[in-house]
Amino acid sequence: MSLNDASLALEGNAGLVRILHGITLDVHRGELVGLVGPSGSGKSSLLMLMGGLERATDGTVQALDHDLGKMDEDQLARLRRDNFGVVFQSFHLIPTMTALENVATPLELAGIRDAKARARAELAAVGLADRAGHYPSQLSGGEQQRVALARAAAPRPAIVLADEPTGNLDSATGAGIIDLLFGLRDRHGATLVLVTHDPEIAARCDRVISLRDGRLEAAA
Amino acid sequence: MSVSVAAKFARRELRGGLRGFRIFLACVILGVAAIAAVGTLRESVRAGLADQGAALLGGDAEIELTYRFADEAERDWMESVADAVSEIADFRSMARTDEGARELTQVKAVDDAYPLVGEVELSPDIGLEAALAGAGDRPGVVMEPLLLKRLGIEVGDTVRLGDRAFRVMAELVREPDPSRAGFGLGPRTIVAREALDGSGLLSEGSLFSSKYRLDLPPGTDLSALQTRAMEELESSGARWTDARNASPRVEEFVTRLGAFLVLVGLSGLAVGGVGISAALRSYLAGKVQVIATLRSIGADQRTIFLTYFFQVGVLAVLGIIGGLILGVGLPIALGPVISARLPVPAVFAAYPAPMIEAALYSVLSVLIFTLWPLARAREVRAAALYREAAGGRHGWPGWRYVAATLGLLGLLLLAAVLFSGNLRLTLWTASGIIGALALLTLAAMAVQRAARLLRPRAAGHPPLGWALGAIGGPGTTAGPVMLSLGLGLSVLAAVGQIDGNLRQAIAGDLPERAPSFFFVDLQKDQMPWFLDRLDGDPAVSRVDNAPMLRGIIARINDRPARDVAPGHWVVEGDRAVSYAEDLPERTTLVAGDWWDDDYAGPPQLSFAAEEAREMGIGIGDDVTVNILGRDITAPITSLREVDFSSVGMGFVLLMNPSAVEDAPHTFIATVYADTEAAEEAILRDVTDRYPNVTAINVRDALSRVTDLLASLASATSWGAAVTLLTGFLVLIGAAAADARARTYEAAILKTLGATRAQILSSIAQRSLILGVAAGAVALAAGIGGGWAVSRFIMDTPYAVIWPSALAIVAGGVVVTLLAGLAFAWRPLRASPARILRAQE
């Protein structure tokens, strides 16, 4: 993945807000990158830019040899379907679907025949085999995030983007989620970009990129 | 906690504006407006009838006689009590042109005093006296434009009535005394009474009524005068009407139609209630955190209940005021347009009665539909601040609220019965609405369950799977969507089925068995030629004829007939009476004995069996019939089966010949011809030879009945359309409330790789599934309702009218689809990152 002088400005209530300024960086295949920085520094926005969920207002974002800026909404969606897994701080499970259906959704989108069986296996891998028929509102925060992890891992994506996956969880549950996330990455060899506030988690990454006021601060 | 604290909380919450309550308000406004508009229209016509009573009647009072004019003594009495008397004769006749056109017309033969009240409007405006005086050696007539058009003639042309030629002097734009407002078989002709001398019309035994309009001195006690008139004219079979109630049948018709339309309007209020309930639930769902916070700082359940009850109250009052302004204002604003289309006068104004009626209905409906959501809001606990499950109970709200809801429902029904004055119709309508709501609720539950069961099978079709998930999963709007749309469609489908079946009964089945023509006013000496002409016609399959007199059943067993069988159609007005030596063909005697050949003893009467049973009379009862002012009393000696449904000849009253054959009378004949060409030839030959004979084309008469039914169905459809409009509003409300959830869902799906086409397809499939399900229930409810009304109320055979039913269902599906797609643009356009971030 390669960003070249990428910027992001969004229209807010108070006018145009510049969120990211001239970001240039490369993330290599199989690399585990930690994104750190204070609140409002643009970590999540950078992650969204990498996943094609936001469009760079200047510069280019390239992923897996695709120039994301030149792709339309549906082309970006298909790219994500085939290559990306995304995990959010607020889980973002579909409330009208059961845990199993949530995990099966990306597999169904990819047209995989045994989507349900594979989703069931993914749920078992995160320890939720017995919660498959539950709706998100019937699950605890930790359980919901495990379902989100299973959903992200199910299509075996080349790139996993995780936006503070432990931010809404207590420390013990959070630690369990990170172990699961790293375990999935180790098993499937995916590239993982992880936004975190936690120095201990950052320390487990291959490389840590620090952001401040929308600019790259340092790489360690 | 006190009521004032709750009121304070309510005021603070309402400070934020009415956002979230638009559908609530719209539902109340529409429901109130529909009922208030129907009521205002009804009261306006009533006021118009009261205001114009004398003009409609043509005088302060009217005395009507059947088939004869008043004798000298009767005329003297009328002139002794009135300042002025006007005599008119009203009858049907054939208008003919020299070019061979002939049309049925309702003739009003007037004297110089006509009209006593009001003005006749003519075009050109030459005045009635000048018009009837005619031009040259020909007397004049004025005719309704429709009649001139049918005859293919214009003002200035010649037209024949009976044996005389007249000149058409003007078009009749408006007569002040239409007298038969609503339904007549032929358009009107006005002619001077003396001009008919020598025309062969109004001869002895012919069918006409004479009417004497009285211009009474100011301050006359109408009630006392009516009593005196009935004493003076007791034996003459005279009928009295006065300006107090000039058009009793029109008023009754308007009252009944109004009651029916208000009941249809109640279904709109029920649909609106579903919307009100859904809107309140959605609003309260967004208030769980606020309620939990209030609870955490000490608010008790009663305070919470009252806080939101007051808000509902304020909104209901606003909605009712808005609805009344719309429902009363619209008929007043459109008064001139509506008046022009009404066959009766109307005085458009704001009447308190319909406003009170509409407000009462809506207050009760709002209470019925908001009590349960409010009861659930009071169950929200402070723990909801950190735990979702504490956000209020689902399901049964507690027995007190169930009892209160049932009590309010009872009050609503009681009010509907009192206002409509028709217990049976109200209970039928209420059962229909409640039944349809129950059916739709069950259907909505079934659809949700089916969606959950089918969801796993849709694995290969992600958009269908998401659609099924949205229908069967938490937060589904399947309930309100199906209830609102389904009830609106059910009402419309039922109206379509009832209307279609009635039309089919009249226009479809009957003409196969019905005669082509009724010929009336055939004189005895005209019968041989008439029968000979038809006997020789191979296209004529059957001819029935009988002597006919008209009589009024005055007394039964020496008691006034109207006291013996109050309200029965046989004793209301005059009836055809015939006589026969032998039992007529196709007639079955079910009781008693037919009189012997050449019987010449005291009068005997054979009565229609079904009508006798309904009136509670039978063999041996004495019936007094007034024929042309003469009372004939005869015992019922036999009962016959008479089938009135085939529109053929059927007499309730048949007497032995010697009882009535000396009275002046004419003959009636029914002719069954096979082709229209043969019908035209018969009509031409008979009316050319005997201009006094009137031919009534059964097909034309049936088409008039069908037209009348069409206008009734159209009025009912307007009522049902309001229900559907309310349903559509609720649908829009549900779609709008759902849009946020769908946008969020679409953002996640886009993140997971779904394309916009897939998301659009999912939204469309969801709408289609709900639309088809609601439509299917409406189809069943409409067919069920149509069958029940046809079977139990109209007493007509029932067959499903598929085109109407399927069109309504298809319309419903399209509407749901449009409502769903109208709210699809946001989920499709939204940037997933921003939507998801907003949820963080």
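**A helix pair in chain B and the contact between two chains**

Helix H14(B) crosses helix H15(B) in a left-handed sense. The contact between these helices is formed by B:Val447, B:Gln448, B:Ala451, B:Arg452 and B:Leu454 on the side of H14(B), and by B:Leu468, B:Ile471 and B:Gly472 on the side of H15(B). Sorted by class, the residues in this contact of H14(B) with H15(B) are five nonpolar, two polar and one charged. The model under discussion is a predicted one.

The geometry of the pair may be described next. In chain B, H14 covers residues 423-454 and H15 covers residues 462-472. The two helices pack with their axes 8 Å apart, at an angle of about 140°. Because of that angle, H14(B) is oblique to H15(B).

Attention now turns to chain A. Its secondary structure consists of seven helices and ten strands. Chain A has 220 residues, of which 49% count as buried. Among the contacts in chain A with a separation of 6 or more, 69% are between residues 24 or more positions apart.

The two chains also touch one another. Chain A contributes 28 residues to the contact, and chain B contributes 26 residues. On the side of chain A that touches chain B, the elements giving two or more residues are helix H2 (73-83), helix H3 (99-109) and helix H4 (115-125) of chain A. The residues on that side of chain A comprise 13 nonpolar, six polar and nine charged.

Methods. Residues numbered from 1 in each chain as written. Chains lettered and ligands numbered in written order. Predicted model: local features only at pLDDT ≥ 70, side-chain atom pairs only at ≥ 80, totals over all residues. Axes fitted to C-alpha atoms, helices over the stretch in contact; angles between N-to-C directions. Helix = DSSP H or I, 4+ residues; strand = E, 2+ residues; numbered from the N terminus. Parallel < 35°, antiparallel > 145°, perpendicular 65-115°, else oblique. Left-handed = near helix turned anticlockwise from the far one by under 90°. Contact = placed C-beta atoms within 7 Å. Nonpolar A, V, L, I, M, F, W, Y, C, P; charged D, E, K, R; others polar. Buried ≥ 20, exposed ≤ 12 C-beta atoms within 10 Å, placed from the backbone.
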